[in-house]
Amino acid sequence: MGVRFHKMHGLGNDFVVIDARVAPVALSEPQVRAIADRRTGVGCDQLILVETSTVADARMRIFNADGGEVGACGNATRCVARLLGEDVRIETLAGILHGKTNGTGATIDMGQPRFNWETIPLAYAMDTRDMPVGWEGLERPTAANVGNPHVIFFVPDTYAVALDAIGPVIETDPLFPERVNVNIATVRTRNAIDLRVWERGVGLTQACGTGACATAVAAIRLGLAGGPVTVTLPGGDLIIDWKPGETIRMTGPATHVYSGEIDTGWLG
Ligand SMILES: N[C@@H](CCC[C@H](N)C(=O)O)C(=O)O
């Protein structure tokens, strides 16, 4: 008997989803890393455990490819909503999220963004609208927490930034005690943003749902955009709708690729 899983993705941000509602599954950090390994495992950006919940239809736990458990994953929440049904409530470390599926994807209410420096969190007090910090030409970012921490740089051309080099430096800077997801964004019009993301615990990904949410709300907060905003990532488009004081609504695809079984002998 192996551990049954679903390989899913949202715009190329890919997941191993394990439904542990009937038979509980406990995985150590090294086991998550082994499953996420793209050469010797199944391969994924995040491993998702779906468990029973006493307060929602199911509980979703999110593990980055480095094995660390985190609070939110927008793309995976759409995938889990598609697995669970048409109208679902999903418990996460960041709260209960409400999802509604459509033909090929889902709309998720991602809750309210937080902007106080303590809630990002940052190591010390500063204005999170216009942060007086910089790294090698990337300066004065803005920050938001949408269930997980994000720093956002608005630049003239996202594709001109060497994000693979600067991403890990910013992710692990002591300014971010819980590390951070790094977003490099270009506002094309008030309703269209190009975005690339260096994800905490993973690296460059094809798409990041919470990165799209954090970037769109940051742009709206700064007066650079107005909702709904189409956020174009390397893997495709997400629609983010938000008004100050309200919750964030994220709409996009969720794809089931195949189901399989992990050999428990291999897992150890
Ligand atoms: N890919 C996700 C975000 C996953 C978690 C993130 N890397 C973190 O460490 O907070 C998304 O679609 O939101």
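In helix α4, the buried residues are Gly209, Thr210, Gly211, Ala212, Cys213, Ala214, Thr215, Ala216, Val217, Ala218, Ala219 and Ile220. The model that shows this is a predicted one. Counted over the whole helix, 12 of the 13 residues of α4 are buried, so the term "buried" needs its cut-off here: 20 or more other C-beta atoms within 10 Å of the residue's own.

Helix α4 covers residues 209–221. From its first C-alpha to its last, α4 reaches 18 Å, close to the 18 Å expected at 1.5 Å a residue. After the helix comes glycine 223, with a positive phi near 80°.

The protein chain is divided into domain 1, made of 3–110 + 254–260, and domain 2, which is 117–244. Between the C-alpha centres of domain 1 and domain 2 the distance is 23 Å. Where the two domains meet, 18 residues of domain 1 are in contact with 18 residues of domain 2. On the domain 1 side, the residues touching domain 2 comprise seven nonpolar, nine polar and two charged ones.

Around the ligand are 18 residues, of which Asn75, Asn148, Arg200, Gly209 and Thr210 come nearest. Two or more residues of this shell are given by each of α2 (74–84) and α4. Gly209 and Thr210 are also among the buried residues of α4. Domain 1 and domain 2 each supply at least three residues to the shell. By class, the shell holds four nonpolar, 11 polar and three charged residues.

Definitions and conventions: Residues are numbered from 1 along each chain as its sequence is written. This is a predicted model: local features need pLDDT of at least 70, side-chain atom pairs count only at pLDDT 80 or more; totals for chains, interfaces and linings use all residues. Helices (H or I, at least four residues) and strands (E, at least two) are DSSP runs, numbered from the N terminus. The expected span of a helix is 1.5 Å times one less than its number of residues. Domain bounds come from an automatic or database domain assignment. Two residues are in contact if their C-beta atoms, placed from the backbone, lie within 7 Å. Ala, Val, Leu, Ile, Met, Phe, Trp, Tyr, Cys and Pro count as nonpolar, Asp, Glu, Lys and Arg as charged, and the others, Gly among them, as polar. A residue is near a molecule or strand if its C-beta atom, placed from the backbone, lies within 6 Å of it.
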